[in-house]
Amino acid sequence: MEAPAERVDIRPVLIKDDLLIQVMSNDGRATTTKNYVPKDFSVEQLLNSGFANILVETTEIEYSLRISKKGEALVSEKKSTSTQNLDHDRKKNRLLDPSDPFLIEIGISDKNGTVKPTRQDKFMQVEEFLRLLTPTLSAALEADHIAAPTSEKPLQIVDLGCGHAYLTFAAHQYLRTQNMDIHVVGIDVREASRKRNSEIAEKLGIAGSIEFRAEEIAATKNTDVNVAIALHACDTATDDALAWAVKNGAELILAAPCCHHDMQAQLTDIPEPWSLVTRQGILKERLVDIMTDAIRTQILRILGYRVEAIEFVGGEHTPRNLMIRAVKTGAIVPSEEIDRYTSLLAMWKVKPALAARLASELAAAGVQ
Ligand SMILES: C[S@@+](CC[C@H](N)C(=O)[O-])C[C@H]1O[C@@H](n2cnc3c(N)ncnc32)[C@H](O)[C@@H]1O
């Protein structure tokens, strides 16, 4: 079954003295909110529509139901001490506390613990990136795509092209607050970044579980990885990151690409009637951006990942707001998917950077 949404949150809300049911539906791209009078809303229909995880929160108890791969319902319950909140315009929960010392040290927040106006967009990018990372990670752990981390074998997270390491530190801090055993590595070619980030890690007293290296992504060796992340690694550095993640067996990849110069430069022989689009510079640029990411997702799919391209943050925080989210399942794609991929490359006469980096893996998967 395919559920009608990626996630649905249902809760009671009070609007002008009427108790209504608020339903927030997220399709992986955007959230739609609707309020229903209780008699017009059927929860049974949703419960029977293919969701694998259901969480029911009351003021005293939490029930959690998971449907296993074999179709069995696994139910667990734990005590809760929540209070009911019937506000209909409840503010989104923050994952990161702006006054957390790590945000002050890395320069996102000022010394009073307020996010600096110039860093608001980066703060939002990082927080929304985490908002997608955490449920994806939980689902991968629950489905046994990733082995449960332990203190001897912590979850290995590698941030490729980490720069000032806003995301690297945020992932480390946030997952630690979730009591997860983790080890985080930030890779960036710039020695100045490594030095600055390592000093901050020392100062925060977390250097035992987060480390930084000054290396080319492609040259990074001897690094275990479960989760590979990359936020705005420039141009083909995103391809380096994806290729590195695949070659090193990352079970989860979340990458938000940056600029796409490589394929822009390759598009000289436009298959007709597409010159209708590409004759306008801005349309060509957007088309090539989309093609580059579509080809990346298809390569990952061919190599055994379940892949989605989703919007991870509102466009007002960055125009580069697409995320490629991939979970390694080992599924073998039907041959039509390979044909579709090779036909697209032949039609546009392009050689994607990612295909070059993963040539032997693609050949092994049957791509001629
Ligand atoms: C636009 S910045 C993004 C930094 C960070 N992820 C963020 O979102 O704030 C891209 C970073 O990737 C690094 N980079 C680019 N190509 C790289 C490569 N091939 N290997 C390692 N780092 C690379 C750059 O040095 C730069 O710090």
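**Figure 1. The pairing of strands E4 and E5 in the predicted model.** In this predicted model, Val56 stands opposite Tyr63 of strand E5. Strand E4 covers residues 53–57 and strand E5 covers residues 61–67; the two run antiparallel and are joined by 5 bridges. Together E4 and E5 form a hairpin, with 3 residues between the strands.

**Figure 2. The hairpin of strands E5 and E6.** Strand E5 also pairs with strand E6 (residues 73–79), in the antiparallel sense and over 7 bridges. Ile67 has Ala73 of E6 as its bridge partner. The hairpin has 5 residues between E5 and E6, and Gly71 in this hairpin takes a positive phi near 85°.

**Figure 3. Strand E7 and its parallel neighbour E8.** Strand E7 (residues 155–160) is mostly covered, with 6 of its 6 residues buried. Leu155, Ile157 and Asp159 point one way from the strand, whereas Gln156, Val158 and Leu160 point the other way; all are buried. E7 pairs with E8 in the parallel sense, and the pairing comprises 6 bridges. Within this pair, Leu160 stands opposite Ile187 of E8.

**Figure 4. The shell around the ligand.** The ligand is surrounded by 20 residues, and the closest are Gly161, Gly163, Val189, Leu231 and Ala237. Three elements each supply at least two residues of this shell: helix H4 (166–177), strand E8 (182–188) and helix H6 (237–247). By residue class, the shell contains 11 nonpolar, 5 polar and 4 charged residues.

**Figure 5. The surroundings of Ile106.** Ile106 is located in the loop between helix H2 (101–105) and helix H3. Because it has 22 C-beta neighbours inside 10 Å, Ile106 counts as buried. Leaving aside residues up to four places away in sequence, Ile106 touches His164, Ala165, Tyr166, Phe169 and Ile200. Ile295 is 189 residues apart from Ile106 along the chain, and 35 Å separate the C-alpha atoms of the two.

**Figure 6. Lys16 in the loop between strands E1 and E2.** Lys16 lies in the loop that connects strand E1 (7–15) and strand E2 (18–26). Most residues other than glycine have a negative phi. Phi of Lys16, by contrast, is near 45°, a positive value in a residue other than glycine. Lys16 is exposed because 6 other C-beta atoms lie within 10 Å, and the cut-off for an exposed residue is 12 or fewer.

**Figure 7. Asp144 in the loop between helix H3 and strand E7.** The loop that holds Asp144 runs between helix H3 (120–142) and E7. Asp144 is not a glycine, yet its phi is positive, at about 65°. With 10 other C-beta atoms within 10 Å, Asp144 is therefore exposed.

**Figure 8. The cis peptide bond between Glu272 and Pro273.** Most peptide bonds are trans. The bond that joins Glu272 and Pro273 is cis, with omega of about 10°. Pro273 belongs to the loop between helix H7 (261–266) and helix H8 (275–278).

**Figure 9. The whole chain, as context for the close-up views.** The secondary structure of the chain comprises 12 helices and 13 strands. The radius of gyration of the chain is 22 Å, close to the 21 Å that the globule rule gives for 368 residues, so the chain is as compact as a globular protein of that length. Along the principal axes, the C-alpha atoms fill a box of roughly 65 × 50 × 45 Å. Of the 368 residues in the chain, 29% are buried. Among contacts with a separation of 6 or more, 63% are between residues 24 or more positions apart. The domain assignment gives domain 1 (7–79) and domain 2 (101–364). The centres of domain 1 and domain 2, taken over C-alpha atoms, are separated by 31 Å.

Conventions: Residues are numbered from 1 along each chain as its sequence is written. This is a predicted model: local features need pLDDT of at least 70, side-chain atom pairs count only at pLDDT 80 or more; totals for chains, interfaces and linings use all residues. A residue is near a molecule or strand if its C-beta atom, placed from the backbone, lies within 6 Å of it. Helices (H or I, at least four residues) and strands (E, at least two) are DSSP runs, numbered from the N terminus. Ala, Val, Leu, Ile, Met, Phe, Trp, Tyr, Cys and Pro count as nonpolar, Asp, Glu, Lys and Arg as charged, and the others, Gly among them, as polar. Two strands pair if DSSP finds at least two bridges between them. Domain bounds come from an automatic or database domain assignment. The radius of gyration is taken over C-alpha atoms; the globule rule is 2.2 Å times the number of residues to the power 0.38. A residue is buried if 20 or more other C-beta atoms lie within 10 Å of its own, exposed if 12 or fewer, and partly exposed in between; C-beta atoms are placed from the backbone. Two residues are in contact if their C-beta atoms, placed from the backbone, lie within 7 Å.
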